[in-house]
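My entries are below the structure.

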Amino acid sequence: MKKKLSDFKRSDSIKANRLSPIALFLRISAIIMTASVVMSLVPLFRVGHRGDVVFQVPVPTVNDRTKFSAVDLSLDELSSRSENNDVYLNSSFIASTETDSSVNRLVEKNTFLITGSVSGSGIPEELLALSEFVLDNSLMYVSVSEVNVRNFPSADAEVVATLSYSDHVNQVGIGSDWSRIQMDDLSEGYVVSSFLTSEFIATPTPTPSPTPTPTPKPAVTESAYSGKYYAVGTVNVRSGPGTEYQLIKSLSSGDAIEVVAKTSNGWYRTVKDTYVLASLVSSQAPVSAPQVTPTTAPDSGGSDDVSPQPTTAPAAPAVTPADPSTSDLATYAKSFIGVPYVYTGMSVSGFDCSGYVSYVYANYYNYSLPHQSARISALGSPVSSDSMVAGDVICYDYSGDGVVDHVGLYIGDGMLVHASSSNKKVVLTNFSMNAVTTIRRFV
């Protein structure tokens, strides 16, 4: 009986030893499950924000009996920047202790200094990530003359728009130094916060440009004047005392007019209340000019502007010009026929083409023209070939380069007087439109 009982106990012991691995497995499984539950609860606790600044004092360096109060600050609680662009904590946020003041020195030793970064152009760099911008919905105004809107809060970011002084925007996000704004077209961008203000700024009214006051022309006065005068060549009759007035008709050489008044600007008023330039009429009847056989059309060698070679004046009989005060234009102009052609010449001893025209105008009309063909062609008023009158200047471009290189004087009846380099003298010729670029009128 005792033997059977002993065998039974041995059997139970063996069974108990066989169950031990199972119990061990169950214990391990319970530990793993407990650890998993703990790990799953960890994210539910608050994770430190990088905008927070926490002060800690190393445990081994202080007395175990000292108790500290935790200091948890955000960037909004930081003080203003210094001149070196450093950001400091307000002294009111220094951690306090319940015992020794030496702990304060230890806290100051472990205080962090936050320094803001500034670009080379002086624009501050944003310290916060875009996700950390504080949401806002404020109406703001641009407080500088002009500000760039960028697609990212950085001085190196792309400019997407430009705003001017007093422009208003909606501030939808605020960072440490930059603001996210929404413009009128609902597009968004970033600007430096210091360039914005919440105070209303009225749109400046542009100062109107003053209307220039035209310089008044001196008043033209008339004085009594009477007499019978004759047209010296073709004379324009106008509705008023000036070339800007309407052209009524033209007088032919020798036509008589009755003058009743003289104006202060050198015009005569006739009995028909029309006006003629006083220098174009004479109290003496014009003298008929001798007939001169005309040459052919003006030559292309009459230019004084296309590098002509100096010409020695050939021997020629002396020419006595007609009296401009008693002659019509045609007579006066033809009285120089035969004067030698001399490059740059402008006297009765020798003319080039522009020198001849300038000389006639200066002595007959008392009107100054430049001694250069191209410059003459840019002055006066243009006229068509079918409305030419005596005294008009014909301008030619024989070289075909677009620059006037020859001029001649029209004297009426299809005739032209000019200084010809190929004929080596002043000649009379029939008018031709060949190479003519413009016809100018000066009186």
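**Ground rules.** I am working with a predicted model, where local features need pLDDT of at least 70, side-chain atom pairs count only at pLDDT 80 or more, and totals for chains, interfaces and linings use all residues. Residues are numbered from 1 along each chain as its sequence is written, and side-chain values use heavy atoms, with hydrogens and water left out.

**Cores.** I searched for nonpolar cores, meaning sets of buried Ala, Val, Leu, Ile, Met, Phe, Trp, Tyr and Cys residues joined through side-chain atoms within 4.5 Å. I took buried as under 20% relative accessible area, exposed as over 50%, and partly exposed as in between (1.4 Å probe, protein chains only). The largest core holds 49 residues, and Y356, Y361 and V393 touch the most other members. Helix α4 (residues 353-365) contributes the most, with eight residues. I read helices (H or I, at least four residues) and strands (E, at least two) as DSSP runs, numbered from the N terminus. Domain 2 (222-282) and domain 3 (329-441) each supply at least three residues to this core. Those domain bounds come from an automatic or database domain assignment.

I then listed the contacts of Y361 (heavy atoms within 4.5 Å). Beyond its neighbours within four places in sequence, Y361 meets N366, Y367, L369, G391, D392, V393, L409, F442 and V443. There is also a second, separate core of 10 residues, with M140, V142, V147 and V169 among them.

**Salt bridges.** How many salt bridges does a search of the whole structure find? It finds four. My criterion was a side-chain nitrogen of Lys or Arg within 4 Å of a carboxyl oxygen of Asp or Glu.

E222 pairs with R269, with the closest N and O atoms 2.8 Å apart. E222 sits in strand β13 (residues 222-231) and R269 in strand β17 (residues 267-270), so this pair links parts of the chain 47 residues apart. E222 is partly exposed, at 39% relative accessible area. R269 also bridges to D273, again with 2.8 Å between the closest N and O atoms. I therefore logged E222, R269 and D273 as a network of salt bridges, by the cut-off used above.

R441 and D392 form another salt bridge, 3.0 Å from N to O. R441 is in strand β27 (residues 436-441), while D392 is in the loop between β22 (381-382) and β23 (393-396), 49 residues away. Both R441 and D392 are buried.

**Surface patch.** I22, F25 and L26 make a nonpolar surface patch with about 350 Å² of accessible area together. Patch members have over 30% relative accessible area and no salt bridge; like charges are joined within 9 Å, nonpolar side chains (Val, Leu, Ile, Met, Phe, Trp, Tyr) within 5 Å. Areas are from the Shrake-Rupley method with a 1.4 Å probe; for residues, only the protein chains shown count as cover. L26 lies in helix α1 (residues 2-41) and is exposed, at 54%.

**Single positions.** Is S166 buried or exposed? S166 is buried, at 5% relative accessibility. S166 lies in the loop between β8 (159-164) and β9 (168-174). Leaving out residues up to four places away in sequence, S166 touches Y141, V142, I201, A202, T203 and P204.

T429, in strand β26 (residues 425-430), is buried at 0%. T429 and L416 are 5.2 Å apart, C-alpha to C-alpha, and 13 residues apart in sequence.
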